[in-house]
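User: Can you take me through the strands and what packs on them? I have the model open.
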Amino acid sequence: MTVLGNDPIDKYMTPMPHSIEPSQSLEDARKLMGKLEVRHLPVLSGGRIVGLLSERDLTYIRTLPGVDKQELKVKDAMVYEPIMVDQQESLQEVSKRMAEQHIGSVLVCNSQKKLLGIFSYVDALKVLGKM
């Protein structure tokens, strides 16, 4: 069996060319997630990472009573200050951190904090499947 733990996380991430802006509607986000068949969308404003929206966030906010679902924006449901990791962090370090903090996904960035991709529990399971 090959030990993959020391490999950089960018080797296993899902490249993430798609994102959404905080001012867009949650309905736009839902449609985009469905079209792309993804569960997470990085939220960027002016090219800067400002949050992360997950399918779970969408589901949760839509169940709140008294909320006008037509007026909701991405900024109303997104997680502010998402966990970001450097592309050179090891698979082992990132996986351990995700497990300890009960995080389902992290944004993978370069040293200038430019978004390169996302690493989620699904990506981690794919790695385990290769072992």
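Analyst: Keep in mind that this is a predicted model. To begin, β3 and strand β4 (residues 79–80) are paired antiparallel, with two bridges.

User: Which residue stands opposite Y80 of β4?
Analyst: G51 does.

User: What else pairs with β3?
Analyst: Strand β2 (residues 40–45), also antiparallel, through six bridges. S45 faces R48 of β3 across that pairing. The two strands make a hairpin with two residues between them, and G46 in the turn has a positive phi of about 60°.

User: Is β3 largely enclosed or exposed?
Analyst: Largely enclosed by the rest of the structure, because six of its seven residues (48–54) are buried.

User: OK, the other sheet. What's the strand order?
Analyst: β1-β7-β6-β5, an open sheet of four strands with mixed pairing. β1 (14–15) and β5 (84–86) are at the edges with a single partner strand each, so one side of each has no neighbour in the sheet.

User: How does β1 pair with β7?
Analyst: Antiparallel, with two bridges to β7 (residues 115–120). P15 has G117 in β7 as its bridge partner.

User: And which helices lie across β7?
Analyst: Helix α4 (residues 91–101) lies across β5, β6 (105–109) and β7, at about 60° to β7. α5 lies across β1 and β7, at about 70° to β7.

User: Switching to the surface: which residues make the nonpolar patch?
Analyst: Y121, V122, L125, L128 and M131, covering about 470 Å². L125 is in helix α5 (residues 121–130).

User: Is L125 buried or exposed?
Analyst: Exposed, at a relative accessible area of 52%; the cut-off is over 50%.

Notes
Residues are numbered from 1 along each chain as its sequence is written. This is a predicted model: local features need pLDDT of at least 70, side-chain atom pairs count only at pLDDT 80 or more; totals for chains, interfaces and linings use all residues. Side-chain values use heavy atoms; hydrogens and water are left out. Buried means under 20% relative accessible area, exposed over 50%, partly exposed in between (1.4 Å probe, protein chains only). Two strands pair if DSSP finds at least two bridges between them. Patches are made of residues with over 30% relative accessible area and no salt bridge: like charges are joined within 9 Å, nonpolar side chains (Val, Leu, Ile, Met, Phe, Trp, Tyr) within 5 Å. Accessible areas come from the Shrake-Rupley method with a 1.4 Å probe; for residues, only the protein chains shown count as cover. A salt bridge is a side-chain nitrogen of Lys or Arg within 4 Å of a carboxyl oxygen of Asp or Glu. Contact means heavy atoms within 4.5 Å. Axes are lines fitted to C-alpha atoms, for helices over the stretch in contact, and angles run from 0 to 180 degrees between N-to-C directions.
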